[in-house]
Amino acid sequence: MINVNEYFEGAVKSLGYTTAQGRSTIGVIEKGEYEFGTSSHETMTIIEGQMEALLPGEQDWQTFTGGQSFEVEANTSFKVKTTVQSSYLCKYR
């Protein structure tokens, strides 16, 4: 089954699915700044566009572009900001 997710008044939308390897979402994020909480370990890969991420325990934003990934541990929060519409794949493992 495919789940439809919408956050921040529609500025972030994703489709969730589950495979033998685990749960994933693929989504699109509108220009802006957002904070997300995690309940499980996440690996976010940028498909297209660019995102800056402020990861847990860090003080400096890091920039990620197409093909690059970052990881966030479970039960934490992180911020992302974009200046262009961007797409991503998030794996929960």
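A nonpolar core is here a set of buried Ala, Val, Leu, Ile, Met, Phe, Trp, Tyr and Cys residues joined through side-chain atoms within 4.5 Å, where buried means under 20% relative accessible area, exposed over 50% and partly exposed in between, with a 1.4 Å probe and protein chains only. The model is a predicted one, in which local features need pLDDT of at least 70 and side-chain atom pairs count only at pLDDT 80 or more, while totals for chains, interfaces and linings use all residues. Residues are numbered from 1 along each chain as its sequence is written, and side-chain values use heavy atoms, with hydrogens and water left out.

The strands come first. Strands (E, at least two residues) are DSSP runs numbered from the N terminus, and two of them pair if DSSP finds at least two bridges between them. Five bridges join β1 to the antiparallel β2 (residues 12-19), and Y7 has V12 in β2 as its bridge partner.

Three bridges join the antiparallel strands β6 and β9, and L54 stands opposite K79 in β9.

The largest nonpolar core has 18 residues, of which M44, F70, F78 and V80 touch the most other members. At least two residues of this core come from each of β4 (32-37), β5, β6 (50-54), β8 (69-72), β9 (77-82) and β10 (86-92), and β10 gives the most, with three. Leaving aside neighbours within four places in sequence, F78 is in contact (heavy atoms within 4.5 Å) with residues including M44, L54, F70 and E42.

E42 lies in strand β5 (residues 42-48). What is the nearest side chain of opposite charge to E42? That side chain is R23, 6.6 Å away, and E42 is buried yet has no salt bridge, a term that requires a side-chain nitrogen of Lys or Arg within 4 Å of a carboxyl oxygen of Asp or Glu. For charge, Lys and Arg count as positive and Asp and Glu as negative, with His and the chain ends not counted. Not counting residues up to four places away in sequence, E42 touches, among others, F70, F78 and K91.

Conventions. Helix = DSSP H or I, 4+ residues; strand = E, 2+ residues; numbered from the N terminus.
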